[in-house]
Structure formats: C-alpha cells, structure tokens
Amino acid sequence: MAELLLDLFCEEIPSGMQARAAEDLARLLEQALADLNPRNIRSFHGARHIAASLEVDESIPTRTISERGPRENAPEKALAGFSRKHGVSPDELTKENGFWVLNRTLPPVRAAELVAEQLPDLLWKFPWPKAMRWGNGSLFTWVRPLHHIVCLLDGQTVPFTLARQDDDAHGLKSSNVTEGHRILSPGTFTVIGTEQWLKELEARHVVINEEKRADLIRQGVHALADEKGLALVEDEGLVREVSGLVEYPVPLLGRIDNAFMDLPPEVMQVSMRVNQRYFALRTKDGKAAPYFAFVANQTFSDGGTLCIAGNERVLRARFADARHFWDLDRKTKLAGRVEALKPVTFHAKLGTQEERARRISTLAGIIATAMQLSDVQMKHAERAGLLAKADLTTGMVGEFPELQGVMGGYYAAHDGEAPEVAQAVAEHYMPRGLQDGTASAPVSVAVALADRLDMLAGFFAIGETPTGSGDPYGLRRAALGVIRTIRDNGLRIDLGSLLSRAAEAYAGKEGKDSALGELEPFFTDRLRVQLRNEGRRHDVLDATLAVTQVQEDKSLFTDHLDGDLVRLLSRVEALSDMMGTEDGQNLLAAYRRATNILRIEEKKDGPHHQAPEAALYVQDEERDLDAALNEAGPKITASLADDDFTSAMQHLAALRPIMDRFFEAVTVNAEDAGQRLNRLRLLSAFSRSGQLIADFGRIEG
C-alpha cells in the first residue's frame, strides 16, 4: 500500500467551482489509477488549492491479458490487421472457441510509473466549466494560473512534466513544494505527506477543510450577533460562497449608517449579499439591525478597525445607490407602470407582460370565486393580479431581480392600495423555492395560483413543455408551487376546472388542445414526485387515481386527477393507513385472489358483472359474503360522498374475515355450471366494492 497526494495550487478559484472540481479530481484519479485499486480517497478544496489523497497498491503485478481477434475462418487480411494493430505476428496467436486470441503477459508496473504516465493527460483534460490561458501562449488551460503541482507517493516526488512537444505548458512540472496563506504566511514550504501537508497548511493560515471553514464562519458571525443581542439572518448559501472566498476566515462586525435604516430590509439584505457578500442581522423583534457581519481573509494588528471602516464606506455607497432607486421608483405609481409593461415581452408566442398581467387579473378573480371569497376580496385579487408584474419596470428590480414582487408590495402600499392588494403583490411569487413557505392570505393565494396556472397553460398551449431533465421555464417548479399552495391552505377547489379556465385565454394557439391535454397527467406526475419525496407510497396514489366508472356491463379504470387535491390526498392517506394494517394486507391478498380468478374465467364466459342469485347459494359462506357486500356497499358509498375516507376504508376492511372464510370453504369453479357462474358474480361484486375506493391491483407488496 502507498499513499498518493496530489495538490494543485493556483490563483483564486471561483467559489462555486471548487467543490465540483475536488469531486472531479477524486473521480478522475480513481478512473486513471483503477489498476492500482485506489481506496480511502479524500478530496480537499479551497480558494487556491484543489487536492486529493488516496491509497493505492505499490505496483500492478505481472498479469496475462487475452484479446479476442477475428474468427478462425476470417479472411487473412482480417488476421493480418489484428496482428499489426497489436504489434505481433500471426504465429503468436492461438485458437480458442472458434476465434484467434492474443494472450500476452504484461510485466509489473510500479505505481509511480503509472501515476507519471496518467497525470499529465488528466490535468490537460481537466473538466473546468470555464478555463483560461495565460503567460507565453501555451495551450494548457486552467481555471486560474496554476503555479505548483505537488505529487507525492509515500513521501517521494513522482516526477512528470506537463510539456508537450513544442508547448512547454508554462514550465509546469511535479514537485514537493506548495504555498500557504498569501499574506499571513507568504512563501513556499516542502511537503512530505498528507498529514504533514494538512498540519503545515493550518500552521500557515490555510483551513483546507471546507466544512471546518464553514463552521468557523457560522460560529464567528453568530458570536458577533450575540454580542450585540442580535439575530443572524440565516443564509447557508452565503456561508458556502464565502467559505470558498477565504482561506483563513476572520468574521468582523460593521455598522450601518442610520440614514439608510428606513430602506426596506429586503433591499438592504439583497444589496449586502449580492454586492458585498455581507450577512444581514435582525433585532430580536425581527426588524433590520443597524449592523452587518462580513468575513475577512486575514487577521489584523488593529483588530480589524481599518478594515471595518473601509467596508462601512463601501456599503454606504451601495446603499446610496439603493436609496436612489427607492426614491425614484416611488415617484411613479405602480398602477401607472402597467402601461409600461406593453413593450416588455413575456414570450414571443405568449405576448407581453402587460397582456399577461391582465390574464392573471382575470384568472385571480375566477380563483377567488372558486375559493368562495367575498366580492371585495375578489376585486382585491383582480387588482393585485393586474399590478403583480408592474415592478418589473422599476429601477430597484432592474438592479436586484431577486426583489420581484417584494418591491411591488412596498410600492403598492406607498401608493395607498388596499393592504390585501399590497400583500398579494408581495407574496404572489411564493413559494420561491423548496424551503420557502407558501402564501396564506386568501387574496395572496388567489394571485399566486393565477400566476402559475396562467404560465402553465400558456407554455403547454404553445408546446413548450418540459422534456427529460430540461425545464427552461421552470414549469415543474410552478406546478409544485400550485400543489403546495393548495395543500398548505386546505383549498377545496377543482384544479381541473381552473386549468380549463386558464386555458381559455389561449384559444386559437397552435397545438393548444393536444398540449393542454398533457397538463393533467403533468400535475399527476408532480404529485407523485412530491409524495415520494415525503416518503409516501406512490403506488397508493396510483391506485387512488384510478377512478372506477361502474357501468351496466363492465368496470372501467381510468387514470384521472381528482381536481380536489385535498380530497384526493385524504383518500391516499386513509388507504395508506389501511395498507399498513394486517387487515389491509389480508384484504389486498383477497382482492388479488378474486381478480386473478375473474381475469382467467372472464376469458371463457365473462364478464360476470350481473348480480348473483341468492337462490343458487348452497353454502353459508356464500350467503354471508352476499349479506356483507349488500351491507358494506351503501355504507362505503355514503362515506365517500361525505369525504369520510377513513370510515369507507373501515367498512371495506370489515369484509376481510368474511372473504377469508369464503376462500377457505368455497370452491369457486364448481362442477355445477350455475353455481360456478353465480360465485364468479359474487367475486365480481366484491371486486367492484373495492373499486369504489381504489384499484387495489396497483398496490405493491
């Protein structure tokens, strides 16, 4: 066993590329050195280091490899070509199982030899998303100028160079030298092994472990906030980004000029985050605090006083820009900006943002009516829908697109719009992500749903639907937002009807009918994904979606999304609970047994949907099952009508012991033709009772 360390030291790597690069390095080393059985692979990344450490065999032992060539009866040209390709004569080939075979014994290969052979090509082809050239015109590229390549095998340098023919690759070659912190510990140091490298980097003010850097940042900014009795606005994404920008994190606290404290807190937070990578703070009552936290990349002899002052000065300039947009935007009322949306294209085939705003307004009113909101709330929803996109023309949103909707809410409130309208404008993008909450105020809910349903109907109408992993317009996210909003608010509305109303705005669009026909199964798939992510059984959803239409002569299952998602999910929950019990599992077994018998026998003389005749019963188990079905059927139907799905499941589960006794005592395929047919009809009646609730045949296990 030998320890291999590869450390690639360059100028500052973009934060977002570091983790992926470390993963790629470990993966590519494992592939390139597969014959050495690489194991215990560790990867490291930081602002200027991408590295990997692993264990490999000391050598590849002597081995025999076999390569199959042409068939024995192949033309001589084929045999000659195979021999020439491998640099052997035809006499060196043997015949095995009808083919010419080349058996070669390869000598042992030392690990250092294989590493030196593989690494130059690996580094030349390293998959950076973006790379650059520098220096004297070499074609070798790296994310930023590469300075040192440490390559050690059990403490010894593995010698190789990146030079190729007339390209000197900036003179880069392997060594045992790298660097620590640029300012706190300038200069190079010698590496003799992984553990020594880790300790030496730490001593030279480089925290190479990304998790440790992130923890130092979290703990540091939290400690600074606690000292002032403040709370940190949690932002894990910013923690990770800053962790990639510094090698030796030193959290510091700055003060915000009181002149800017009347800016909306969201404006302050986004400006600090986007422009300066600062952390926002809040008071205990949730208001914006006059402080900000940031992370320096070094310690200071003055405790950071000068550094803090410099960052405060920069922030004043940033907030002055934000103040300019804030004051300028409020000079024009939000309602007056709707007209300015006319030249703003939403999509070439779907018109302008102004047209979209009017569609959202109309649809928001329809949804408000479906939610049984008051006339005043319906008018508020229509007004909010009309104003929802108006802030796209403001300077603030132009500078910070992340504030879409949020700024519209502030401007609507400033203009004297109804509080419900301003709130709906601010919240209509919710949820913005998986971790974000959904809108809960009734008017906000109506506008949030209208925004997403209009977008879905529009893009499906023009055939711009998600394909594979591609979803450029975020339609999957939009559908999930609709589902979450309905579920979180317990809305008893007909989603299918609302989709149809949303589609009416796109009458005449090419491909409208066929594309819109895909919306319902699209929502069904999103619901499956959501339930699967929650750890729920997708097969139970599939069974519930299979709605039974009982006709006079047959039962027909059709996949159909119940427009009332709350009702649908209540059925799924009740069925899941029943399937988790012994009665549920036994009932499922009985149902499968009955449907299997029916499937076989219906090929002979089916279907068997007619009612069984009581006069043909000869055993008590038949009579008991008939009585139980006649009693359970109306109860199940009544419970389903009342949306009492738990009771419906209980009435169905009550049939389980009766079905057990029936199968134990009764031979369905009796010799008497009349008895056989009557018993098949009895099984069909039992099957239809189950189909009132779900297609149990789709349930796994």
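**Aromatic rings and a helix face**

Trainee: How many aromatic pairs does the structure hold?
Mentor: It holds 20 aromatic pairs. Take phenylalanine 662 and phenylalanine 663: their ring centres are 5.6 Å apart and the planes sit at 75 degrees, so that pair is edge-to-face. Keep in mind that this is a predicted model.

Trainee: Is phenylalanine 662 buried or exposed?
Mentor: Phenylalanine 662 is buried, because its relative accessibility is 0%. Phenylalanine 663 counts as buried too, at 9%.

Trainee: OK, and which residues of helix α24 are buried?
Mentor: Arg656, Ile658, Met659, Phe662 and Phe663, in a helix that runs over residues 656–665. Looking down the axis of α24, those buried residues fall within an arc of 160 degrees, so they line one face of the helix.

Trainee: Why would residues three or four places apart point the same way?
Mentor: An α-helix has 3.6 residues a turn, so residues at that spacing point the same way.

Trainee: What covers the buried residues of α24?
Mentor: The cover includes α21 (582–605), α22 (620–641), α23 (645–653) and α25 (673–691).

Trainee: Switching topic: which residues do ring pairs link into a cluster?
Mentor: Trp124, Phe126, Trp128, Trp134, Phe140 and Trp142.

Trainee: And where does the charged end of arginine 68 sit?
Mentor: Over the ring of phenylalanine 99, 4.0 Å from the ring centre. Arginine 356 has its charged end over the ring of phenylalanine 346, with 4.6 Å to the centre.

Methods
Residues numbered from 1 in each chain as written. Predicted model: local features only at pLDDT ≥ 70, side-chain atom pairs only at ≥ 80, totals over all residues. Heavy atoms only, no water. Phe/Tyr/Trp six-rings, centres within 6.5 Å; stacked < 30°, edge-to-face > 60°. Buried < 20%, exposed > 50% of the residue type's maximum accessible area, 1.4 Å probe, protein only. Lys NZ or Arg CZ within 6 Å of the ring centre and 35° of its normal. Helix = DSSP H or I, 4+ residues; strand = E, 2+ residues; numbered from the N terminus. Arc of directions from axis to C-beta. Contact = heavy atoms within 4.5 Å.
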